[in-house]
Amino acid sequence: MTSPVLRAEGLTKRYGQRVALSDCTLSVPPGRVVGLVGPNGAGKTTLLQLAVGMLSPTAGTIEVVGGRPASGAAQLAKVGFVAQDTPTYANLSIADHLRLGARTNPRWDQRTAEERIAQLGLDPGQKTGRLSGGQRAQIALTMAIAKRPELLILDEPVAALDPMARREFMVSLAAYTAEHRTSVIFSSHVVSDLERVCDYVIVLVASRVRIAGGVDELTAGHQRLTGTRRTAADLPAGLQVVEESHTSRQSTFVVRGGVPVEDPTLTAEPVDLEALVLAYMSQAVTSPRPEWEATR
Amino acid sequence: MIWFTWRQFRTSALIAVAVLAAFGILLLLTAGTITDLYAEVAACSSDCDAVTENFLIQVRDSAAGTVYHLALAVLYVAPALIGVFWGAPLIARELEAGTHRLAWNQSVTRTRWLAAKLALVGAASAAAAGLLSVIVTIWAERIDSAAGDRITPLVYGARGIAPVGYAVFAFVLGVTCGMLVRRTMPAMAATLAGYIAAVASMPLWIRTHLAPARHETPALDLDSLAMMGIRQDGSVDVRGGDVANAWTVSNQTITPGGEVFHGPVDPNFCGPGGGGPERCHAWLGTLGLRQEVVYHPDSQFWTLQWIETGIFLALAALLAGFCFWWIRRLA
């Protein structure tokens, strides 16, 4: 099984004049836990909603586990989705939700669903309107997992949760991914969420994909160079500067290109995932803005 | 999906059943009164106008009279309630709460999800309105035949199968508004406005064209005038008696030349110095006036009912088709 779980080519979504996602080309290998990161409003939700077929693209194509998103019942069965704010039917019980899952999904795993509810210490007869945000998120995750999808997509599942519920959710997600070989894509604007569970990262900033790749490849392919003050042009050739910062005597660069640097005036260090992602995110913020925006 | 739709709709359905049952009991309790009062009319063999009139007055003064008017109101209000409380929130509430994102990511396409909702709640709407109309139509049968007015606009929409058409239309209108507006309260208001406009426009402009109206110009019968009024300047409005057991669309008095008659009257016969209505009638009788009436006789009742119900069901089908197209564009 080597065909990508998500393949996008020139994928673009516009709302009138506003561009939510711009010319996105991606190929995500199967069996990965993919973190989709970026600041609020970067287009993460748009990309995920395109992947589950809640939205249709303005231009370009997207293929998920080999099919067009939401193109039919069979395609829907392959993809599990936990929407932002994890909506549930407030006046229906947990058991009703599980029955909805059982009656609409061909591969539904009722035993897993019931076990998870029991583990969470929840009463199946309880209406979900009376649950906390964290518990509702767990119900939504349970429904998506019990569907036994080939790809599980979660859109900011923990954004609205307090730190405790957030941690519990991430732990149960990690437990699930460790146990099953399902591919997972989840979005977050909190970079520290990633390191615990992800082995693949997509950084999305201002409607564009900045970088995408496996965590190991990315960390191996970047380094931090520190040395006496200099400009980026003075660095050895073949390095692409992601981020630079300068003090009066010292310069620090995060560069792409894992080749050893033979300049004795520079010290090379590895970059961890969080620093790397932040470097890409800040690059977008400091990069020159379009003129119309500057003259406002 | 049908199961889940039923699970969501169950409480509303039970409320509707309870209300229907309560209303049914009210009809049962008063049905005996009508039967008792009608005995005289049933026994009457000739010259029954006075007996019939008496029956109607007695019914009006009894509890059955109150229930009669309540039933009229209920049959016009029920489709509105169905549209506002079953139709408008059906999709709008899901869009508002975001639960459509949960529902649409089970292994059921949006189209099937919508089809289940429209089919189940639509069928319930038709059944509720149909049942309501059947019990009222049977209950009021004797009053309607005595009054000869079931084809007149107000009663017409509260009898037969028309309420089914209104209810199904109101329901799908509500669903459509909810999908377009995406918020429950404004969708409810839009549904109510749309329902009132559609149902009111039928008797006002459309219904009379659904079956050929009778057009007659008999000599004006001065003994059965519905109304006559003389103004200061001598102009006059004369309206001949309406056709019995029919819906009168227009009723004018015309001269032998074919123009609408408005006088002026001869002050020697009519008006303050004319010497009484008899002299005035006698004078009017010399003018050769005719009555021009356009009306739908009671015999057209079912023809009109089928066509009108068909129109509302066709409108509902069009709206439903639009919903199936639009749901693919929703996010």
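Predicted model: local features only at pLDDT ≥ 70, side-chain atom pairs only at ≥ 80, totals over all residues.
The points below take up the domains of chain A, and then the strand pairing in each chain.

**Domains of chain A**

- Chain A is divided into domain 1, which covers 6-216, and domain 2, which covers 221-294, and the C-alpha centres of these two domains of chain A lie 33 Å apart.
- Where the two domains meet, 14 residues of domain 1 of chain A are in contact with 7 residues of domain 2 of chain A.
- The side of domain 1 of chain A that touches domain 2 of chain A receives at least two residues from each of helix 7 (192-197), strand 8 (200-205) and strand 9 (208-214) of chain A.
- The residues on this side of domain 1 of chain A comprise 10 nonpolar, 2 polar and 2 charged.

**Strand pairing in chain A**

- Strand 1 (residues 6-15) of chain A pairs with strand 2 (residues 18-28) of chain A in the antiparallel sense, over 7 bridges, and within this pairing A:K13 stands opposite A:L21 of strand 2.
- The hairpin that these two strands of chain A form has 2 residues between the strands, and A:G16 takes a positive phi near 65° in this hairpin.
- Strand 1 of chain A is also joined by 5 bridges to strand 4 (residues 59-64) of chain A, with the two strands running antiparallel; here A:L6 has A:V64 in strand 4 as its bridge partner.
- As a general point, strands of a sheet pair through backbone hydrogen bonds, either parallel or antiparallel.

**The open sheet of chain B**

- In chain B, 3 strands form an open sheet in the order 1-5-4, with antiparallel pairing.
- Strand 1 (214-216) and strand 4 (246-254) of chain B are the edge strands of this sheet, since each of them pairs on one side only, and the twist from one strand to the next averages 15°.
- Strand 4 of chain B and strand 5 (residues 290-297) of chain B are paired in the antiparallel sense over 8 bridges, and B:N251 stands opposite B:V293, which belongs to strand 5 of chain B.

Conventions
Residues numbered from 1 in each chain as written. Chains lettered and ligands numbered in written order. Domains from an automatic or database assignment. Helix = DSSP H or I, 4+ residues; strand = E, 2+ residues; numbered from the N terminus. Nonpolar A, V, L, I, M, F, W, Y, C, P; charged D, E, K, R; others polar. Pairing = 2+ DSSP bridges. Axes fitted to C-alpha atoms, helices over the stretch in contact; angles between N-to-C directions.
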